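Here is a short report on the chain shown below. It covers the fold, the packing and the backbone.

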Amino acid sequence: MENAFEFDPTRDYLAEWELEAEKKTLVPKGKNGRPLCLAKCRDGNPCQAQVAIDPVTNRPRNQRCRMHGGASTGPKTSAGKRRIGEAVAQRNRERAAKRRTERQ
Ligand SMILES: [Zn+2]
């Protein structure tokens with residue numbers, strides 16, 4: 001028997017595969033094509049809000065809307081982690097200075 005698959009160089013297999021994967025994972029979609037959150041709401045119905053988009057990657061963050069995404073898991077980039085570290089150090093300096101003035 002002949003192999004059924006024949007490679008067609010004119011087809012974009014990766015794009016087709018991505019489209020297929022998107023169809024499977026991101027349905028149903030909202031008004032502007034974004035997938036819906038579908039978290040279980042307090043009234044028992046699936047949430048109809050659209051998923052939150054990560055502004056950095058421009059892709060859905062965790063398939064949930066802005067209300068159902070859960071707590072932040074903190075900065076991911078080294079620049080973001082440094083920013084948080086500097087903010088904590090600054091806050092600690094201010095607290096120490098305040099304590100020094102109160103003690104006098
Ligand atoms: Zn939701």
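## Secondary structure

The chain holds two helices and two strands. Helices (H or I, at least four residues) and strands (E, at least two) are DSSP runs, numbered from the N terminus. Along the sequence, the pattern reads α-β-β-α.

This is a predicted model: local features need pLDDT of at least 70, side-chain atom pairs count only at pLDDT 80 or more, and totals for chains, interfaces and linings use all residues. Residues are numbered from 1 along each chain as its sequence is written.

## Burial and contacts

Of the 104 residues in the chain, 3% are buried. A residue is buried if 20 or more other C-beta atoms lie within 10 Å of its own, exposed if 12 or fewer, and partly exposed in between; C-beta atoms are placed from the backbone.

Take the contacts in the chain with a separation of 6 or more: residues 24 or more positions apart account for 13% of them. Two residues are in contact if their C-beta atoms, placed from the backbone, lie within 7 Å.

## Positive phi in loops

Leu38 is not a glycine, yet its phi is positive, near 65°. Leu38 sits in the loop between helix 1 (13–25) and strand 1 (53–54). Leu38 has 18 other C-beta atoms within 10 Å, so this residue is partly exposed.

Gln63 also has a positive phi without being a glycine, at about 65°. The loop between strand 2 (59–60) and helix 2 (78–103) contains Gln63. Gln63 counts as partly exposed because it has 16 C-beta neighbours inside 10 Å.
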